[in-house]
Amino acid sequence: MTPSQGFLAEIKDAVTTRAALLVLGVLVLQLAFITSYIGAFHHPKPSEIPIAVAAPAAEVAQRSAQQLATLPGDPLDPRVVGGEAAALAQVRNRDVDGALIIDPAGRTDRLLVASGAGASLSQALEEVVGAAERAQGRTVRVADVAPAAKGDSRGLSSFYLVIGWCVGGYLCAAILAISAGARPANPHRAVIRLGALLVYAIAAGLLGAVIAGPVLDALPGSIMGLWGLGTLVVFAVGAITLAFQGLAGVIGIGLAILLVVVLGNPSAGGAYPYPLLPPFWSTIGPALPPGAGTYAARSITYFNGNGAGGPMLVLSAWALVGAAVTLACATLRHDRPSVAAATD
C-alpha cells in the first residue's frame with residue numbers, strides 16, 4: 001500500500017459517509033441561519049400597523065383615518081373608534097399598536113404608543129404619524145401608555161427570556177436522546193422522556209421568570225404568569241424535538257433547530273415586531289413557538305395578560321402534537337418486531 005493510498009484509506013475510515021452527510025447538513029443549517037436573520041432584519045419597514053383614530057366628531061376622525069390609510073407604502077392600518085377612552089382601551093387590550101387622538105380645536109394631536117410591545121414599533125409609529133401630521137401643518141405629542149421597564153432595554157427582555165426557554169427545551173430533548181438513543185425503544189420510555197421533560201420545563205419556567213423578574217428587575221409582570229408561560233414554551237419546544245427525533249433519529253435535532261432557531265427566532269417579533277418584518281416572516285412568526293412565546297410574555301408583562309390567549313393556544317397545540325407524535329413513533333417502533341414475527 002502506497003503512502004497516498006494509506007492516507008486516503010485513513011480519511012475514509014475517520015470520516016464515514018454518515019458523518020459527511022451530517023456535516024453537510026450542519027453547513028446547510030448554518031447558511032439558512034445567516035440567510036434567515038439577514039433576510040428578516042436587514043431592511044425593517046412598517047406595514048399596516050394597526051392604529052386607532054379618535055376625535056370629538058366622528059367625521060373628523062374618519063377624515064384623518066382616510067388620510068393615514070392613503071400614505072405611500074401602506075405603513076398604517078387606521079380604524080376609527082368612538083373616543084379617547086375606546087382608543088386607550090384598544091391599545092391596552094393589544095387590539096391596536098397605537099392611537100391618534102385628534103384635537104380639532106388646536107394644532108396639536110396626541111399619539112398613544114406602547115413601547116412595552118417593542119421600542120422599534122413605537123418609534124416607527126412616531127416617525128410615520130409625525131411625518132403625516134407635519135404634512136398637514138400639525139404637530140403630535142407622544143404618550144407612552146405601556147412603557148417598557150427601566151431594566152428592559154428596548155422591550156427586548158421578553159424576547160431573550162423566551163429564546164432562553166426555547167434553547168433549554170430542545171437541548172433537554174437532545175440530551176435525553178443522546179443518553180439513550182434518539183428514538184425511544186417503547187411507549188413507556190417515551191412517556192418517561194416526556195415526564196422528565198415536563199419536570200425540567202417546570203423548573204426552567206420558574207427559574208427563568210425569577211431571573212427576569214426579581215433578580216434582574218427586567219420584567220415587572222406576574223411571576224406566576226411568566227412561570228406558566230415558560231413551562232409551556234420549554235415543554236412545547238422539547239416535545240417538538242422529541243417528535244422530530246422519533247421521526248428522523250438524530251437528524252431530528254437539526255430539524256428542531258431549523259424550526260425553532262432558523263425560522264422561529266427571526267420571525268418572533270423581538271427586535272422588530274410583526275408589522276416591521278417582511279411578509280413571509282410576519283406571517284409565520286405568530287404560529288411558531290418563539291413568536292407565540294414572545295408575544296405572550298409581553299402581554300403578561302405590560303398588558304395584564306391581554307392578547308396572550310391566542311399565543312398560549314398555539315404553544316399548547318405544539319406541545320400536544322409533539323407529545324402525540326413522540327408516543328405514536330414509539331408505539332409503531334415497538335410493534336414492528338411483533339408484526340414481523342407474526343408474518344414469519
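**Legends to the close-up views of a predicted model**

**View 1. D74 sits in the loop that connects α3 (58–69) and β2.** Helices (H or I, at least four residues) and strands (E, at least two) are DSSP runs that are numbered from the N terminus. This is a predicted model in which local features need pLDDT of at least 70 and side-chain atom pairs count only at pLDDT 80 or more, whereas totals for chains, interfaces and linings use all residues. Residues are numbered from 1 along each chain as its sequence is written, and side-chain values use heavy atoms, with hydrogens and water left out. The phi angle of D74 is near 50°, which is a positive value in a residue other than glycine. D74 counts as partly exposed because its relative accessibility is 40%, where buried means under 20% relative accessible area, exposed over 50% and partly exposed in between (1.4 Å probe, protein chains only).

**View 2. D217 has a positive phi without being a glycine.** The phi value of D217 is about 55°, and the residue belongs to the loop between α7 (187–215) and α8 (223–248). With a relative accessibility of 57%, D217 is classed as exposed.

**View 3. Five strands make up an open sheet of mixed pairing.** The order of the strands across the sheet is β2-β1-β3-β4-β5, where two strands count as paired if DSSP finds at least two bridges between them. At the edges are β2 (76–80) and β5 (139–144), each of which pairs on one side only. Neighbouring strands of this sheet are turned by 25° against each other on average, direction ignored. Strands β1 (residues 49–54) and β2 run parallel and are joined by five bridges; A52 has R79 in β2 as its bridge partner.

**View 4. Helices α4 and α5 lie across strands of the sheet.** Helix α4 (residues 84–92) lies across β1, β2, β3 (98–101) and β4 (108–113), and its direction makes an angle of about 165° with β3. Helix α5 (residues 119–135) lies across β1, β2, β3, β4 and β5, running at about 160° to β4. Axes are lines fitted to C-alpha atoms, for helices over the stretch in contact (heavy atoms within 4.5 Å), and angles run from 0 to 180 degrees between N-to-C directions.

**View 5. A nonpolar surface patch includes L24.** The patch is formed by L21, L24, L27, V28, L31, F33, I34 and I38, which together have about 730 Å² of accessible area (Shrake-Rupley method, 1.4 Å probe; for residues, only the protein chains shown count as cover). L24 is part of helix α2 (residues 17–41) and is partly exposed, at a relative accessible area of 48%.

**View 6. T16 is placed in the loop between α1 (3–14) and α2.** T16 counts as partly exposed, given a relative accessibility of 40%. T16 and A243 are separated by 227 residues in sequence and by 26 Å in space, C-alpha to C-alpha.

**Setting of the views.** The protein contains 12 helices and five strands, and along its principal axes the C-alpha trace spans about 90 × 50 × 45 Å. Of its 344 residues, 44% are buried.

Note on methods:
Patch = residues over 30% accessible without salt bridge, like charges linked within 9 Å, V, L, I, M, F, W, Y side chains within 5 Å. Salt bridge = Lys/Arg side-chain N within 4 Å of Asp/Glu carboxyl O.
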